[in-house]
Amino acid sequence: MLRLRAVVVALALTAAVLTGCSPASNSPITATPTPSSSADAADLHWPEGASADTRRCSDASAATVAAVNTTITNPQPGEGVSVSELQAHPDPSAGVWILTGHISAGAGASIEVAWATIADPTAQDFSGGLRSVGEHAATISNAPPLALPVNNLDGSGIPSDACH
């Protein structure tokens with residue numbers, strides 16, 4: 001019961017944080033992560049458009065890529081100003097989709113960047129809110145940062161189970 005209460009509190013905090021997202025359409029986010037089945041209810045909270053059957057990595061739609069690119073307002077010297085594609089990974093433990101892509105860093109190098117949303121990023125009419133994930137995206141994007149539990153040692157702030 002204590003674990004369930006902690007999950008409910010974590011979801012409430014995630015929903016509260018995501019409600020303040022800067023949506024591409026400038027409209028408030030109204031979706032709340034919900035479990036996909038009663039078996040998932042205790043531990044997993046799938047974001048909109050995802051379930052236990054969702055592929056681990058899916059291509060984000062062109063509308064999602066465009067929405068992410070509109071948040072890139074502060075590129076660093078020598079870096080690109082957009083991502084050309086994004087991979088979407090549902091993270092049911094956080095109730096969000098993690099969107100990962102790469103931005104040019106010059107001399108053939110690239111830097112991995114990530115955002116999060118509770119809306120389905122594979123939808124052709126994506127208009128969900130976005131949060132930057134990790135230090136680099138928070139630096140280049142005007143999307144408010146979202147700190148997710150990170151289980152990697154690279155210092156990126158991007159969860160290691162996201163699509164890379």
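## Ground rules

Buried means under 20% relative accessible area, exposed means over 50%, and partly exposed is what falls in between (1.4 Å probe, protein chains only). This is a predicted model, where local features need pLDDT of at least 70 and side-chain atom pairs count only at pLDDT 80 or more, while totals for chains, interfaces and linings use all residues. Residues are numbered from 1 along each chain as its sequence is written, and side-chain values use heavy atoms, with hydrogens and water left out.

## Q124, out in a loop

Let's start with Q124, which sits in the loop between β4 and β5 (131-133); helices (H or I, at least four residues) and strands (E, at least two) are DSSP runs, numbered from the N terminus. Q124 counts as exposed because its relative accessibility is 63%.

Leaving aside residues up to four places away in sequence, Q124 touches S61 and A63, a contact being heavy atoms within 4.5 Å. Q124 and A60 are 64 residues apart in sequence, yet their C-alphas are 8.7 Å apart in space.

## H136, tucked into α3

Over to H136, which belongs to helix α3 (residues 135-140). With 19% relative accessibility, H136 counts as buried. Its contacts, again skipping residues up to four places away in sequence, are Q76, E79, I103, I111, E112 and V113.

## The cores

A nonpolar core is a set of buried Ala, Val, Leu, Ile, Met, Phe, Trp, Tyr and Cys residues joined through side-chain atoms within 4.5 Å. The largest one has 21 residues, and V68, V83, L86, L99, V113, W115 and L130 have the most contacts inside it. At least two residues of this core come from each of α2 (62-71), β3 (96-106), β4 (109-117) and α3. Another core, of eleven residues, lies apart from it and includes I98, A114, A116 and L146.
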